[in-house]
Amino acid sequence: MSREKFSPTKERVARACVCCGGQDLERSPAVLMPFIAHRVFDWQPVTIDESWGLSTIRSGHAYSLCNSLYCRDCGFLFLDMRFSDDELQRLYTDYRGKAYTELREHYEPGYAARNDVLNTVIDYIPDIENFLEKYLTFPINILDWGGDTGKNTPFRNRCAAFDIYDISGNHPVAGAGIVSRQDLNLKQYDLIVCSNVLEHVPYPSDLLNDIVQTMCEQSVLYVEVPFEAIMRQEEVALPQGKRHWHEHINFYSEKALRCLFDKVGLDILELRPFRAITGGAPFHMFQIACKLK
């Protein structure tokens, strides 16, 4: 299937909105969190003192600087720094595995215990299935794009076939097949899941363009992204309210999502903000079901 692709100009440091392509941006200084800087770039915080011999620079702690960007056109908040494919690979290979967890615990004491909770099955899979079921005709073939092990894939126990495309290299759950980039178009999928992925990628339109190429007329795409706390506040100064960046480098508004999906050729069947409890804590998200236009 050949479709015209929407893709903003790829820049190392974004100067236009990577969601809608708009250039009416407001910026504010921020820091890249030490764990991310270390794992992606091997940049570590340092303490500058007199031994450095820098007469025009004040002594103190030095962290990796970046900018928070806010698009006035679509309400998208994002990190100006855009990671390359190789950098994403370094960040997400063996995601939440031993080396990942040890390094993150070093910078963020207490993370290891939180990681144990994050690695459990989410509690709201029935809510996802209820949201999607009216748009599906069973039996279905499922592709989970960025699905890690597949433990959180909806309908995985009710499907005819279940494949995962993921860069983590983690071992999949029983019954799941692993597909390569080259194999994505060898099978037709009734449900494609892209859950909690678009907040991590440098150019979300590129990922959605790739997914669109795997879809057929009956395919339903389910997308889930966090509805971040700062985006839910009515009285907040953006982007000044965002002073640090971690794994989530894209914060979506509803307007930004609708704009993005329209530009890549997807028709939204339903979009809703949703609040769930998982791991004993509340989690706010956007749930989107869509099809090809």
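Guide: Helices (H or I, at least four residues) and strands (E, at least two) are taken here as DSSP runs, numbered from the N terminus. On that basis, the protein chain contains eight helices and 14 strands. Its radius of gyration (over C-alpha atoms) is 20 Å, close to the 19 Å that the globule rule gives for 293 residues, so the chain is as compact as a globular protein of that length; the globule rule is 2.2 Å times the number of residues to the power 0.38. This is a predicted model, in which local features need pLDDT of at least 70 and side-chain atom pairs count only at pLDDT 80 or more, whereas totals for chains, interfaces and linings use all residues. Residues are numbered from 1 along each chain as its sequence is written, and side-chain values use heavy atoms, with hydrogens and water left out.

Most residues other than glycine have a negative phi, and most peptide bonds are trans.

One runs from Phe138 to Pro139, with omega near 5°; Pro139 belongs to the loop between α5 (125–132) and β6 (141–145). The other links Leu238 to Pro239, with omega near 5°, and Pro239 is placed in the loop between α7 (229–232) and β11 (244–245).

Two aspartates have a positive phi. For Asp42, which is not a glycine, phi is about 60°. Asp42 sits in the loop between α1 (34–41) and β2 (46–48), and is exposed, with a relative accessible area of 52%. The phi of Asp94, also a residue other than glycine, is near 55°. Asp94 is found in the loop between α2 (85–92) and α3 (98–107) and is partly exposed, with a relative accessible area of 34%. Here buried means under 20% relative accessible area, exposed over 50%, and partly exposed in between (1.4 Å probe, protein chains only).

As for the chain around these sites, 51% of its 293 residues count as buried. Its C-alpha atoms fill a box of roughly 70 × 40 × 40 Å along the principal axes. Among contacts (heavy atoms within 4.5 Å) between residues at least 6 apart in sequence, 68% join residues at least 24 apart.
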